[in-house]
Amino acid sequence: MKRERRPVRKRQKEKRTIREHIGNLLLWIFEIAVVILFAFVLVYFFGQTRTNLGESMELTLSDNDVVLIDTISYRVGSPKRNDIIAFKPNGSSTAQTYIKRVIGLPGETIQIENGMINIDGKVLLENTDLPPISDAGLAETPITLGVTEYFVLGDNRNNSEDSRHADVGIVNASYIEGKVWFRLSPSETRGRVR
């Protein structure tokens, strides 16, 4: 009888060991799946890249700078004045992405007079030392923004195609791809974008 019991115990121990290995394997697979999902979410919401084309955002961004955009911030909130955004002009999915700075917010009236930006009749005092705007474009007359509309300008105000021009115009919230938050390249200027 002793000889019969030992093989039964040995088989039970082998079954227990196999179950433990399967359990460990399933746990390992689950952990890998969680890491992959987390990486996907991180890249999708904070790691999409866009390339700044042209000199309209000088001195903040240069031509061909590659930036990361945050696509989640504007799903839970709204663009704020001075945010730098990536958007498709006129909502065209085939157009190149533009990168500009938000100046006018929904419901505000924007006008450029004597080289200065007026918002609701008051001069916008900006933190940076920018030259007066030489071409008011469409903003020569007052522009009142709708509840989902934004007025954007390039930081290189006298060399920028932006909301002052019909080709770009007012930016609807649905055209915005995300907030530009980090310069990825060139490596010597890598860092947060403000």
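This is a predicted model: local features need pLDDT of at least 70, side-chain atom pairs count only at pLDDT 80 or more; totals for chains, interfaces and linings use all residues.

Me: How do I read a sheet? In what order do the four strands of the open sheet lie?

Reply: Strands of a sheet pair through backbone hydrogen bonds, either parallel or antiparallel. Here the open sheet has the order 7-6-5-8, and its pairing is antiparallel. Strand 7 (122-123) and strand 8 (143-144) are the edge strands, each pairing on one side only.

Me: How many bridges join strand 6 and strand 7?

Reply: Two bridges, in the antiparallel sense, link strand 6 (residues 116-119) with strand 7. Take Asn 118, which sits in strand 6. Its bridge partner in strand 7 is Val 123.

Me: Is Asn 118 buried or exposed?

Reply: The cut-off for buried is under 20% relative accessible area. Asn 118 has 9%, so it counts as buried.

Me: What does the side chain of Asn 118 make a polar contact with?

Reply: The partner is the side chain of Glu 113, at 3.0 Å. Leaving out residues up to four places away in sequence, Asn 118 touches Thr 109, Ile 110, Gln 111, Glu 113 and Val 123.

Me: Now the cores. Which residues of the largest nonpolar core touch the most other members?

Reply: The largest nonpolar core has 13 residues. Ile 103, Ile 110, Ile 112, Ile 117, Ile 119, Phe 151 and Leu 153 touch the most other members. Strand 5 (109-113), strand 6 and strand 9 (149-153) each supply at least two residues of this core. There is also a second, separate core of 11 residues, with Tyr 74, Tyr 98, Val 171 and Ile 176 among them.

Me: What is Ile 103 in contact with, beyond its neighbours within four places in sequence?

Reply: Its contacts include Ile 117, Ile 119, Leu 124, Phe 151 and Leu 153.

Me: Where does Arg 157 lie?

Reply: Look in the loop between strand 9 and strand 10 (171-172). Arg 157 has a relative accessible area of 3%, so it is buried.

Me: What lies 2.8 Å from a polar atom of the Arg 157 side chain?

Reply: The backbone oxygen of Gly 154 does. Beyond four places in sequence, Arg 157 touches Arg 101, Ile 103, Ile 117, Glu 126, Leu 130, Ile 133 and Arg 164. Two of these names, Ile 103 and Ile 117, you have already met in the largest nonpolar core.

Conventions
Residues are numbered from 1 along each chain as its sequence is written. Side-chain values use heavy atoms; hydrogens and water are left out. Two strands pair if DSSP finds at least two bridges between them. A nonpolar core is a set of buried Ala, Val, Leu, Ile, Met, Phe, Trp, Tyr and Cys residues joined through side-chain atoms within 4.5 Å. Buried means under 20% relative accessible area, exposed over 50%, partly exposed in between (1.4 Å probe, protein chains only). Contact means heavy atoms within 4.5 Å. A polar contact is a pair of N or O atoms within 3.5 Å; within protein, one must be able to donate a hydrogen and the other to accept it, and residues adjacent in sequence count only if both atoms are side-chain atoms.
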